[in-house]
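Let's take a friendly walk through a protein model, one piece at a time. Have the structure open beside you as you read.

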Amino acid sequence: MDHNDYGGLHEDLRLTGSAMKRRDMLRLAAGGVGALYLFGRADAVRGSAGPSGTCDKIPEETAGPFPADGSNGPDVLSHAGVVRSDIRPSFAGLSGMAPGVPLTVTLQLVDLQSGCAPAAGLAVYVWHCDREGRYSLYNRGVTEQNFLRGVQESDSNGELSFTTIFPGCYRGRWPHIHFEVFPSLSAATDERNRVATSQLAFPEAACDEVYAVEGYEPSARTRQRISLARDSVFRDGVAQQMAAMTGDAATGYTARLTVAV
């Protein structure tokens with residue numbers, strides 16, 4: 001199966017309208033730790049005061065068709081080795097390395113109910129496509145790979161980091177990284193325990209610079225046909241999800257995002 005045959009705008013809209021509703025129903029019906037944690041935060045107020053002024057709850061977004069969290073086929077959350085900071089190589093008996101422009105993704109988790117204070121001890125599962133726009137375990141050419149997927153726990157400052165590559169661009173979607181937030185590392189073994197699902201977006205200037213690098217040619221062509229205003233997820237606003245970037249394509253980038261839950 002080729003990603004462009006069933007990915008992008010059409011599939012994200014379909015998932016939002018059907019499978020994602022099923023995921024939410026399963027999570028709520030489970031009555032597990034994730035559901036209880038989410039219920040406890042349901043009355044969090046947007047714009048709560050925090051260390052740097054105000055913060056807003058991270059928008060809830062579709063996980064898309066390629067999460068590999070057990071909700072749609074493969075489940076990497078059940079594999080030993082998924083808790084890792086460098087997500088470029090495959091793991092759990094699979095071999096392979098995702099090439100591309102180096103990228104460090106640093107997320108700071110903050111707690112809305114505690115005035116946006118750092119949230120220690122939460123866990124985040126991230127996943128994204130390779131430089132050609134393919135998702136491991138799902139798309140043709142990388143079905144025998146599980147790279148660009150991993151879990152980390154937030155430290156005492158609410159921070160966690162992943163070493164990865166700058167993702168590619170595929171039809172119908174602006175360049176992005178998916179992530180799910182869990183109340184603890186032990187809860188991150190079951191997608192029904194998630195307390196938030198969202199996506200991180202990249203600034204246009206960084207995308208343009210990276211996609212001029214050799215190996216990103218398919219993404220460069222696709223990038224010309226999409227904009228934030230036309231993206232199925234980000235077109236309603238991206239302020240809470242746009243990464244702050246430092247670095248360059250030659251030496252590598254760092255992307256930072258504050259995630260309020």
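We will visit the nonpolar cores, then a residue in a strand, and finally the cysteines. Keep in mind that this is a predicted model.

Start on the inside. The largest nonpolar core has 45 residues, and F166, F179, V181, L200 and V259 are the members that touch the most others in it. Several elements each supply at least two residues of this core, among them strands β3 (102-111), β8 (176-182) and β11 (252-260), as well as helix α5 (204-210). Look at V259 for a moment: leaving aside residues up to four places away in sequence, V259 touches I58, L107, Q108, L109, V110, F179 and V181. There is also a second, separate core, made of 17 residues, including A63, F66, W127 and Y170.

Now find P102, which lies in strand β3. P102 counts as partly exposed because its relative accessible area is 38%, between the limits of 20% and 50%. Beyond the residues up to four places away in sequence, P102 touches T164, G252 and Y253.

The model has 1 disulfide, and the disulfide joins C55 to C116, with an S to S distance of 1.6 Å. The two partners are 61 residues apart: C55 sits in strand β2 (residues 53-55), while C116 is in the loop between β3 and β4 (117-118). C55 is buried, at 12% relative accessibility, and C116 is buried at 3%.

What about C129? C129 is in no disulfide, because the nearest cysteine sulfur, that of C169, is 7.9 Å away, and a disulfide needs the sulfur atoms within 2.5 Å. C129 is also buried, with a relative accessible area of 1%.

Terms used: Residues are numbered from 1 along each chain as its sequence is written. This is a predicted model: local features need pLDDT of at least 70, side-chain atom pairs count only at pLDDT 80 or more; totals for chains, interfaces and linings use all residues. Side-chain values use heavy atoms; hydrogens and water are left out. A nonpolar core is a set of buried Ala, Val, Leu, Ile, Met, Phe, Trp, Tyr and Cys residues joined through side-chain atoms within 4.5 Å. Buried means under 20% relative accessible area, exposed over 50%, partly exposed in between (1.4 Å probe, protein chains only). Helices (H or I, at least four residues) and strands (E, at least two) are DSSP runs, numbered from the N terminus. Contact means heavy atoms within 4.5 Å.
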